[in-house]
Amino acid sequence: MKLKQRVVLLAILLVIFIFTKVFLIDNLDTSAANREDQRAFHRMMTGLRVELAPKLDHTLQSPWEIAAQWVVPREVYPEETPELGAIMHAMATKKIIKADVGYKGTQLKALLILEGGQKVVFKPKRYSRDYVVEGEPYAGYDRHNAEVAVFHLDRILGFRRAPLVVGRFVNLRTEIKPVATEQLLSTFLAVGNNTCFYGKCYYCRETEPACADGDTMEGSVTLWLPDVWPLQKHRHPWGRTYREGKLARWEYDESYCDAVKKTSPYDSGPRFLDIIDTSVFDYLIGNADRHHYESFQDDEGASMLILLDNAKSFGNPSLDERSILAPLYQCCIIRVSTWNRLNYLKNRVLKSALKSAMAHDPISPVLSDPHLDAVDQRLLNVLATVKQCTDQFGMDPVLVEDRMPLSHL
């Protein structure tokens, strides 16, 4: 073989060697990340069923102290939570020592103080499990069972950004009225043989009370976040305008996503990717009502987007409001960890996981089968949306590492 041919051959072999080495290293890195995602998924699945039990074997702390210590800027609760069953048991059973009207908002709720001083938000049952809320995706009353289901979906997706929620039955006559403030007590009335109340809120009306079955009312209780973590409210960049006939900018401006990425707090830190995660989350649960969102104060975009007030979900199982996914399909960006978790949950794994996670809740069954089937179908639509993005732009620009600076997007 001539020298020139040898040189060419060696050059080709060298290129192949370098390419193979880089390819293998990249694949090893990706595989390592994927393996960690898989391990996290299996840990979640192993601890999915939470049995509500009162015992805290390994600590002298109260359940409220444990839950308060869990909260950090990027999660409300940790990945592994052996005390979760005891905390949720306390939420569902601890004595109510004070009841008041709920904090300001559009929907009926009550603020309860449980034994030990823990605040929780009580949302009463307004609909039966199989009731279909017609109209706009944000129509109707809040759904108490949606808050329970959303908390468990947050666990399953590995976000850990939703406050703890559990179902609870309360006796309005013996548990609430004796400890109710005058403001709340003044909204109680009887409808037939049922005790009812209508509370204080923007849409609360004496003509539209929430009624117990006799004296016993089903509802959900949401654990109040610690006061040492004050909240800051933000307008959602993909929110609606509330003006008839007036479109929001994201509905007509094709460059809107690029504009958002240049605006604080989306121009650095994890908040922009949180918005994408939340669009997926809200689409799965059928929630088109997140026109605002909360984070912790003075975080400069570093804390999570906290998944609060999710009760306008699971209203109509046939609803397929694709506009909720606008941040995803307009920006074509999603976290690798979120993408991996969504793929693990296809083939009806998500429905099975949700049923298993909610099986021990006091108000189980939390969701009807049509709603569970709808979540599975919406998951397929999310996966198809991401595939359209990767087909158009390739994998690298679409699937981004969780901590990647925004300037790299």
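Predicted model: local features only at pLDDT ≥ 70, side-chain atom pairs only at ≥ 80, totals over all residues.
Now step back into helix 8 itself, which covers residues 271-285. How far does helix 8 reach from its first C-alpha to its last? It spans 21 Å over 15 residues, close to the 21 Å you'd expect at 1.5 Å a residue.

Let me zoom out for a moment. The chain has 409 residues, and 51% of them count as buried. Its secondary structure comes to 13 helices and twelve strands. If you draw a box around the C-alpha atoms along the principal axes, you get roughly 100 × 60 × 40 Å.

Next stop, helix 3, residues 84-93. Eight of its ten residues are buried, so helix 3 is largely enclosed by the rest of the structure as well. Which ones are they? The buried residues are Leu-84, Gly-85, Ala-86, Ile-87, Met-88, Ala-90, Met-91 and Ala-92. And what covers them? The cover includes helix 2, helix 4, strand 2 (110-114), strand 4 (165-171) and strand 8 (216-223).

Let's look at one of those neighbours, helix 2, which runs over residues 63-70. At what angle do helix 2 and helix 3 pack? It's about 120°, and their axes are 9 Å apart. An angle like that makes helix 2 oblique to helix 3. The crossing of the two is left-handed. On the helix 2 side, the contact is made by Pro-63, Trp-64, Ile-66, Ala-67 and Trp-70, and helix 3 brings Leu-84, Ala-86, Ile-87, Ala-90 and Met-91. Sort those residues by class and you find ten nonpolar, no polar and no charged.

Now for another pair, helix 4 (residues 144-157) and helix 11 (residues 349-358). These pack at about 120°, with 10 Å between their axes. That makes helix 4 oblique to helix 11. Is the crossing of helix 4 and helix 11 left-handed or right-handed? This one is right-handed. From helix 4, Ala-149, His-152, Leu-153, Arg-155 and Ile-156 meet Leu-350, Ala-353, Leu-354, Ala-357 and Met-358 of helix 11. By class, that contact has eight nonpolar residues, one polar and one charged.

Last bit, a residue in a loop. Find Arg-348, between helix 10 (336-344) and helix 11. Is Arg-348 buried, exposed or partly exposed? Its relative accessibility is 48%, so Arg-348 counts as partly exposed; the cut-offs here are under 20% for buried and over 50% for exposed. What does Arg-348 touch, leaving aside its neighbours within four places in sequence? It is in contact with Asp-373 and Asp-376. And have a look at Leu-380 too: Arg-348 and Leu-380 are 32 residues apart in sequence, and 9.8 Å apart in space, C-alpha to C-alpha.

Technical notes:
Residues numbered from 1 in each chain as written. Heavy atoms only, no water. Helix = DSSP H or I, 4+ residues; strand = E, 2+ residues; numbered from the N terminus. Expected span 1.5 Å × (residues − 1). Axes fitted to C-alpha atoms, helices over the stretch in contact; angles between N-to-C directions. Parallel < 35°, antiparallel > 145°, perpendicular 65-115°, else oblique. Left-handed = near helix turned anticlockwise from the far one by under 90°. Contact = heavy atoms within 4.5 Å. Nonpolar A, V, L, I, M, F, W, Y, C, P; charged D, E, K, R; others polar. Buried < 20%, exposed > 50% of the residue type's maximum accessible area, 1.4 Å probe, protein only.
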